Amino acid sequence: MTDQGFPVGEIDTSRPHPARMYDFFLGGRDNYEVDRDAAQRVIDVFPDIVPTTRANRRFMHRAVRHLAASGIRQIIDIGTGIPTAPNTHQIAHEVSEDVRVAYIDNDPIVATHAGAHLLGAGNTGFFLGDLREPESVLQHPTIGELIDFDQPVGLMLVAVLHFITDKEDPAALVAAYRDALPAGSQLVLSHATSDFHPAEAGLDEARDVYKDRRATATVTTRSHAEVLPFFDGFDLVEPGLVQIPLWHPQGGAAPEAEELRHVGTYGGVGVKR
Ligand SMILES: C[S@@+](CC[C@H](N)C(=O)[O-])C[C@H]1O[C@@H](n2cnc3c(N)ncnc32)[C@H](O)[C@@H]1O
C-alpha cells in the first residue's frame, strides 16, 4: 500500500493498459515495456494518435475552464488517466479554489500517482472505480464527501467511453450518471472516431493493436450519430458535438486545417435540462 492507502500490488505488467499507453502518447514516463511496445505499434500504424491525444488533453483543459467559469463548483472526473499536469482540479482552481473534484479510474497505476498529483488541494479525492458500475461509483464515500447532488455537478467522461463496448451499453451507463445529477449539471465528453480519417490512415490497424496485444480494454470508435445520443437529456453548448479543435478554440482563433486533418476525436459539453 502507498502512504495514501492505495493498493500498489495489482500493477500488471503482462498486458498493455490503455491508461499507460495514453501516458506514452502524451510523452509521459509512467508506463512499462509492454505498454510502450503496444503504443509504439499504434503510432507506427496510425501516427495521428499523437496529435489526437494531445488535442484531447487541450480540449479537456478548455472544457474544465468552461465548467468553472460557468459556475460549476464540483466535478466528477471518470477515467481520469495517469496524472498529467495540469490536471482537472489545477485548471478549475485557476478560476475558483472552491471547486471540488472527485477523480475515478479503474487502473491501479492511477491510484499509485494520485496521492502526489491529484490530492493535497484539500478539496479533491481519488478512488479506484469502474465507469461500468454507476451505483458503486455514485455511492462511494469519496463522492459522499465531495459532491452535493442538490447542486449542479460537472461530469467528465473524457476519452473513456470508447473503451466501453456496444455490448456494455455506454448510452445506458451515461444515462445512469445523468439521472443522479440535478438540472443545470454539465456533461463533458470526448470520444474517438474514424469520421475524419480515410481507411488508409491506419485507424483500424491501431484498434487491432489493443485487441491483438490483449490490452485490458479494446477501442470502439463511433460516428457523430453514435456519440450524439450520449447527450440525451442535455442541451449541447455551442458549437455542439464537434471535432475537438473546433470546440471553443484557445483565443477564439479557428484551428489550422492541418490540425483538423490529424485529430480523430469528437467532443462537446451539454447542460442537463
Ligand atoms: C485515454 S485515457 C483519458 C484520460 C483523461 N480523461 C484525458 O482525457 O486526458 C482513458 C482513461 O480511462 C480509464 N478507463 C478505461 N476504462 C475505464 C472504466 N471502465 N472505468 C474507469 N476508468 C476507465 C483508463 O484507465 C484511462 O486512465
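How many nonpolar, polar and charged residues does the shell around the ligand have? In this predicted model, the shell has eight nonpolar, six polar and five charged residues. Altogether, 19 residues surround the ligand. The closest are Tyr 22, Asn 56, Arg 57, Gly 79 and Asp 105. Two helices each supply at least two residues of this shell: helix 1, spanning 18–25, and helix 3, spanning 49–69.

Arg 57, one of the closest residues, places a polar side-chain atom 2.7 Å from an oxygen atom of the ligand. For Val 158, a backbone N or O atom lies 2.9 Å from a ligand nitrogen. For Asn 106, the corresponding distance from a backbone N or O atom to a ligand nitrogen is 3.4 Å. The protein buries 97% of the 600 Å² that the ligand exposes when taken alone.

Helix 3 also packs against helix 4, which covers residues 88–95. The axes of helix 3 and helix 4 are 8 Å apart, and the packing angle is about 40°. An angle between 35 and 65 degrees is neither roughly parallel nor roughly perpendicular; helix 3 and helix 4 are therefore oblique to each other. Their crossing is right-handed.

Pro 86 sits in the loop that runs between strand 1 (74–78) and helix 4. Helix 4 is the helix that packs with helix 3. Pro 239 belongs to the loop between strand 6, residues 234–236, and strand 7, residues 242–243.

Ala 159 shows a further backbone feature. Its phi is near 55°. This value is positive, although the residue is not glycine. Ala 159 is located in the loop between strand 4 and helix 8. Strand 4 spans 154–158, and helix 8 spans 170–180. Val 158, at the end of the 154–158 range of strand 4, is the residue whose backbone N or O atom lies 2.9 Å from a nitrogen atom of the ligand.

Terms used: Residues are numbered from 1 along each chain as its sequence is written. This is a predicted model: local features need pLDDT of at least 70, side-chain atom pairs count only at pLDDT 80 or more; totals for chains, interfaces and linings use all residues. Side-chain values use heavy atoms; hydrogens and water are left out. A residue is near a molecule or strand if one of its heavy atoms lies within 4 Å of it. A polar contact is a pair of N or O atoms within 3.5 Å; within protein, one must be able to donate a hydrogen and the other to accept it, and residues adjacent in sequence count only if both atoms are side-chain atoms. Accessible areas come from the Shrake-Rupley method with a 1.4 Å probe; for residues, only the protein chains shown count as cover. Helices (H or I, at least four residues) and strands (E, at least two) are DSSP runs, numbered from the N terminus. Ala, Val, Leu, Ile, Met, Phe, Trp, Tyr, Cys and Pro count as nonpolar, Asp, Glu, Lys and Arg as charged, and the others, Gly among them, as polar. Axes are lines fitted to C-alpha atoms, for helices over the stretch in contact, and angles run from 0 to 180 degrees between N-to-C directions. Angles under 35 degrees count as roughly parallel, over 145 as roughly antiparallel, 65 to 115 as roughly perpendicular and the rest as oblique. A crossing is left-handed if the near helix is turned anticlockwise from the far one by less than a right angle, and right-handed if clockwise.
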